Amino acid sequence: MTLRHVKDNEYAEEHGGDYEDFEPGMVIRHWPGRTLSEADNTWLTLLTMNQHPLHFDRHYGAGAEYGKVLVNSGITLCLVGGMTVQALSARAVANLGWDRVRLKSPVFVGDTLYATSRILDKRLSRSRPGQGIITVETTGTKATGETVIVFERSFMVRCREGADPAADR
């Protein structure tokens, strides 16, 4: 958590960062992790209209390759990506995209996931003065250390030098 002095004895809690706060090579361990429940998997799988029985039918899952229900990989991406927001992009201007998403190992109900991000690149925006683009590689792992997902994400943040002070209010 970062505190920014506002006035007198008042401080504002800040999450995420400005362009100047990120440097290529930085590694950020995101905390806390999250244990996936059966409800998480069933609700989000059905909410996204993924009707593959491997994600919510125990009988079907028992006869499939892993012998049990498999967590929907979309949930893995969303959960691990979400773990990074507080430290990386809570103050972002825009999320620009995900690239090179790779699923490395299956995730099951009851697995606890953690995330780590490495800053790959930063550059000033060519079209948006006062803003910059940060690119990170995020790795999601089980509590056992097994890697389950790796992806790159780019997001736009403001620069302190070009920031509008009214945006802080």
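Analyst: Start with pairing: two strands pair if DSSP finds at least two bridges between them. One more point before we use that: the model is predicted.

User: How do you know that β3 and β5 pair?

Analyst: Count the bridges. β3 and strand β5 (residues 112–124) share 6 bridges, in the antiparallel sense. The cut-off is at least two bridges, so the two strands count as paired. Arg29 shows one such link: its bridge partner in β5 is Thr116.

User: What is the order of the strands in the open sheet?

Analyst: The order is β3-β5-β6-β7-β4, with 5 strands and antiparallel pairing. β3 and β4 (94–103) are the edge strands. The twist from one strand to the next averages 20 degrees.

User: What makes β3 and β4 edge strands?

Analyst: Each of them pairs on one side only.

User: Which peptide bond is cis?

Analyst: The bond that joins Trp31 and Pro32, where omega is about 5 degrees. Pro32 belongs to strand β3.

User: Now the helix. Which residues of α1 are buried?

Analyst: α1 spans residues 38–47, and Asp40, Asn41 and Thr45 are buried there. They sit on the same side of the helix because they cover an arc of only 110 degrees around the axis. Trp43 and Leu47 are on the other side, and these are exposed.

User: What covers the buried residues of α1?

Analyst: The cover includes β3 (27–35) and α3 (73–83).

User: Why is Asn41 called buried?

Analyst: Its relative accessible area is 1%. Buried means under 20%, so Asn41 qualifies.

User: What is Asn41 in contact with, apart from its neighbours within four places in sequence?

Analyst: The contacts of Asn41 are His55, Val69, Leu70, Val71, Asn72, Ile75 and Val109. A polar atom of the Asn41 side chain lies 2.6 Å from the backbone oxygen of His55.

User: What stands out in the backbone at Met49?

Analyst: Phi of Met49 is near 65 degrees, a positive value in a residue other than glycine.

User: Why does Met49 count as exposed?

Analyst: The relative accessibility of Met49 is 63%. Exposed means over 50%, so Met49 counts as exposed.

User: Let us turn to charges. How many salt bridges does a search of the whole structure find?

Analyst: The search finds 11. The general idea is simple: side chains of opposite charge can pair when their charged atoms come close.

User: Why is the contact between Asp18 and Arg158 called a salt bridge?

Analyst: The N to O distance between their side chains is 3.5 Å. The cut-off is within 4 Å, so the pair passes. This pair links distant parts of the chain, 140 residues apart: Asp18 is in the loop between β2 (10–14) and β3, and Arg158 is in strand β7 (residues 147–158).

User: Are Asp18 and Arg158 buried or exposed?

Analyst: Asp18 has 7% relative accessibility, and Arg158 has a relative accessible area of 14%. The limit for buried is under 20%, so both count as buried.

User: How do you know that Asp111 and Lys142 form a salt bridge?

Analyst: Their closest N and O atoms are 3.2 Å apart. That is within 4 Å, so the salt bridge counts. Asp111 sits in the loop between β4 and β5, Lys142 in strand β6 (residues 131–142), and 31 residues separate them. Asp111 counts as buried at 17%, and Lys142 is buried at 9%.

User: What makes Glu146 partly exposed?

Analyst: Glu146 also forms a salt bridge with Lys142, with the closest N and O atoms 3.5 Å apart. The relative accessibility of Glu146 is 35%. That value falls between the 20% and 50% limits, so Glu146 is partly exposed.

User: Which residues do salt bridges with shared partners join into one network?

Analyst: The network holds Asp18, Asp21, Arg91, Arg158 and Arg160.

Definitions and conventions. Residues are numbered from 1 along each chain as its sequence is written. This is a predicted model: local features need pLDDT of at least 70, side-chain atom pairs count only at pLDDT 80 or more; totals for chains, interfaces and linings use all residues. Side-chain values use heavy atoms; hydrogens and water are left out. Buried means under 20% relative accessible area, exposed over 50%, partly exposed in between (1.4 Å probe, protein chains only). Helices (H or I, at least four residues) and strands (E, at least two) are DSSP runs, numbered from the N terminus. The arc is that of the directions from the helix axis to the C-beta atoms. Contact means heavy atoms within 4.5 Å. Axes are lines fitted to C-alpha atoms, for helices over the stretch in contact, and angles run from 0 to 180 degrees between N-to-C directions. A polar contact is a pair of N or O atoms within 3.5 Å; within protein, one must be able to donate a hydrogen and the other to accept it, and residues adjacent in sequence count only if both atoms are side-chain atoms.
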